[in-house]
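Biologist: I would like to learn how to read a model like this one. Please take me through it feature by feature.

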Amino acid sequence: MSHKAECSACVLAARSDLDIRLLAGESMMMLAQLFDVELFALQKHKRDHLQRLPIQLRDDPGTILNDLQRAEQSAWQVLKLAETAEKVDYKTMLAALREIRASKETQVKIAQQLQVMIGGLPQDRWERIKDAIAKALEPFEDARVAVIAAIEQVE
Ligand SMILES: [Zn+2]
């Protein structure tokens, strides 16, 4: 049996999530609780077994977005567990809430970047181009009206 088969972090279904968050430098104690792994096992896992996968994922914003969403779901689970624990665990609840908020902020940023990439031109640049077209067509009133109407339909 290889040493990896004995590592409780390596065999997790959510191992990729875990590795990404370890690489991101998230709190080991938080992650140990979140992924239900002993702290010492997690430390050993971080030192010896981290995958290269997360580095590849950074190249694709869509993939990162998916990972963030999955990580956020895990944080929601922790929040629920902390809320419903016999002795309500406020410290973990707050930590989970911080995770969720940070994750949301990053998701929004990435979504905006994706939108700019997909939409092509940033809005202010497009407004300037539209103004320039309208100005250039000023001597040709009929054409100006027709072009502006056509643009408005596309928008
Ligand atoms: Zn491991």
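Biologist: What is the mean pLDDT of the protein chain?

Modeller: pLDDT is the predictor's confidence in each residue, from 0 to 100. Here the chain's mean is 78, and 81% of its residues reach 70 or more. This is a predicted model: local features need pLDDT of at least 70, side-chain atom pairs count only at pLDDT 80 or more, and totals for chains, interfaces and linings use all residues. Residues are numbered from 1 along each chain as its sequence is written.

Biologist: Where in the protein chain is confidence lowest, and where highest?

Modeller: Where pLDDT is low, the predicted coordinates should not be read in detail. Helix H4 (residues 53-57) is lowest, with a mean of 50. H3 is highest, at 92.

Biologist: How many helices and strands are there?

Modeller: Both are DSSP runs, numbered from the N terminus: helices are H or I with at least four residues, strands are E with at least two. This protein chain has 8 helices and 0 strands. Its pattern along the sequence is α-α-α-α-α-α-α-α.

Biologist: Which residues of H1 are buried?

Modeller: Buried means that 20 or more other C-beta atoms lie within 10 Å of the residue's own; exposed means 12 or fewer, and partly exposed is in between, with C-beta atoms placed from the backbone. In H1, the buried residues are Asp17, Leu18, Asp19, Ile20, Arg21 and Leu22. Across the protein chain, 14% of the 155 residues are buried. Just after H1, Gly25 has a positive phi of about 80°.

Biologist: Why does Lys44 count as partly exposed?

Modeller: Because Lys44 has 16 C-beta neighbours inside 10 Å. Lys44 lies in helix H3 (residues 39-48). Its C-alpha atom is 9.3 Å from that of Ala9, which is 35 residues away along the chain.

Biologist: Which residues have the most contacts inside the largest nonpolar core?

Modeller: A nonpolar core is a set of buried Ala, Val, Leu, Ile, Met, Phe, Trp, Tyr and Cys residues joined through C-beta atoms within 7 Å. The largest one has 14 residues, and Leu18, Leu31, Phe35, Val78 and Ala96 have the most contacts inside it. Helices H1 (15-23), H2 (28-35), H5 (61-84) and H6 (90-119) each supply at least two residues of this core. H5 gives the largest share, 4 residues.

Biologist: What does Val78 touch, leaving out residues up to four places away in sequence?

Modeller: Two residues are in contact if their C-beta atoms, placed from the backbone, lie within 7 Å. Val78 touches Gln33, Leu34, Thr92 and Ala96 on that count.
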